[in-house]
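Work through the exercises below with the model open. Each task is followed by its solution in steps.

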Amino acid sequence: MMTDIPLPRIPKIAAIDDEPANLQLLHDVLKSDYQLVFARSGEDGIAVVQKHMPDLILLDVMMPKMDGFEVICRLRANPETAQIPVIFVTARGDQEGEEEGLVAGAVDYVTKPIRPRILTARVRTHLALADQKNSYRQEVHEATSKLQKSYYEAIHMLGSAGHYNDSDTGTHIWRMAAYSGALARAALWNVEDAVTLELAATMHDMGKVGIPDSILRKPGKLDPDEWVIMKRHAEIGYDILSKGSSPVFVVAADVARHHHERWDGSGYPDGLAGKDIPEAARIVAIADVFDAWTMARPYKQAWSVDRAFEELRDVAGTHLDPGLVELFIGIREEIVFLKECWDEQDAA
């Protein structure tokens with residue numbers, strides 16, 4: 001008995017250009033491999049994209065009434081079309097125009113006259129990248145769903161501890177947790193493990209529930225006796241979180257105990273060094289100190305992002321894992337984006 005084999009899905013491309021000759025050329029170059037839809041103005045192009053939801057958009061820049069920059073801004077402002085990759089295909093070949101296009105959100109910038117082999121290679125590459133991003137988003141969704149029970153448990157625990165009102169928490173725990181997840185992915189952790197770490201990182205300072213408010217809220221630096229008490233939060237956090245058996249609490253317990261260990265062995269509470277420190281704790285340590293440096297405290301002003309990244313370089317190999325620091329610096333653009341997102345929410 002024959003079984004029907006599903007045919008592969010043919011990607012759909014929208015081409016927007018006010019010149020019919022250019023659209024005809026795009027049709028001739030791409031027709032054998034893709035479904036094509038066309039529009040001859042920016043306004044019609046937006047309507048075509050919203051109707052057909054293509055996998056990729058080829059967009060001219062210089063069009064009457066609504067140019068390509070306005071088109072892409074409108075597409076990015078609509079959640080339904082914001083993620084569709086856009087390649088500018090334009091006669092404008094100056095560097096300023098290319099920079100403006102990429103800043104506006106285009107994934108690539110191809111100049112006219114069109115070279116068919118170059119165009120098809122760019123189209124193929126960006127469709128493959130879009131497929132990877134969509135698969136990643138689906139994996140994140142599935143991983144997050146699996147961890148939802150653990151997530152709610154964590155939120156409940158944080159909520160029950162909320163009356164201690166540590167002045168260093170608030171959006172700090174969510175921002176540094178986002179940094180931790182980004183660094184874990186850069187370190188090639190799989191999706192589920194990176195999501196687990198991001199959730200666990202929110203509880204890195206859980207042990208502060210056992211530290212007196214007079215120390216937590218002191219508007220200045222701690223004296224040596226106060227530091228002895230403050231350092232106990234690592235072990236207190238471990239004692240609390242190690243009672244949970246789900247993966248997020250297993251990771252969180254390790255993170256709580258070891259995120260103040262140092263690469264050179266001078267940290268606390270166990271004086272671990274190098275790779276004897278759990279990688280999860282080494283990741284969270286970088287996220288935690290970067291966020292601490294770039295946020296204001298009662299006793300200091302916030303450092304600039306540039307200064308914080310320079311300081312990371314300075315302490316790599318003594319305080320922090322040098323390999324992970326390099327990865328963190330390598331994803332600077334993503335870290336700054338996450339910081340801006342959380343800073344906006346904090347200010348709202």
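**Exercise 1. Burial of a strand**

Task: Determine how many residues of strand E1 (residues 12-16) are buried, and sort them by face.

Solution: 
- Note first that this is a predicted model.
- Apply the cut-off: a residue counts as buried under 20% relative accessible area.
- Count along the strand. In E1, 5 of its 5 residues are buried, so by this cut-off the strand is mostly covered.
- Lys12, Ala14 and Ile16 lie on one side of E1. Ile13 and Ala15 lie on the other.
- Conclude: both faces of E1 are covered.

**Exercise 2. Partners of E1**

Task: Find which strands E1 pairs with, in which sense, and over how many bridges.

Solution: 
- Take strand E2 (residues 35-39). It pairs with E1 in the parallel sense, over 5 bridges.
- Locate a residue pair between these strands. Lysine 12 stands opposite glutamine 35 in E2.
- Take strand E3 (residues 56-59). It also runs parallel to E1, and 4 bridges join the two.
- Locate a pair here too. Isoleucine 13 stands opposite leucine 56 in E3.

**Exercise 3. The setting of histidine 172**

Task: Is histidine 172 buried or exposed, and which residues is it in contact with beyond its neighbours within four places in sequence?

Solution: 
- Histidine 172 belongs to helix H7 (residues 171-186).
- Read its accessibility. The value is 2%, so histidine 172 counts as buried.
- List the contacts, leaving aside neighbours within four places in sequence. They are His204, Asp288, Asp291 and Met295.
- Check for a polar contact. The side chains of histidine 172 and aspartate 288 are joined by one of 3.2 Å.

**Exercise 4. The whole chain and its confidence**

Solution: 
- Count the elements. The protein chain has 16 helices and 5 strands.
- Take the burial. Of its 348 residues, 45% are buried.
- Take the contacts between residues at least 6 apart in sequence. Of these, 60% join residues at least 24 apart.
- Read the confidence. Mean pLDDT is 86, with 89% of residues at 70 or more.

Terms used
Residues numbered from 1 in each chain as written. Predicted model: local features only at pLDDT ≥ 70, side-chain atom pairs only at ≥ 80, totals over all residues. Heavy atoms only, no water. Buried < 20%, exposed > 50% of the residue type's maximum accessible area, 1.4 Å probe, protein only. Contact = heavy atoms within 4.5 Å. Pairing = 2+ DSSP bridges. Polar contact = N/O pair within 3.5 Å; in protein donor to acceptor, adjacent residues only side chain to side chain. pLDDT = per-residue confidence, 0-100.
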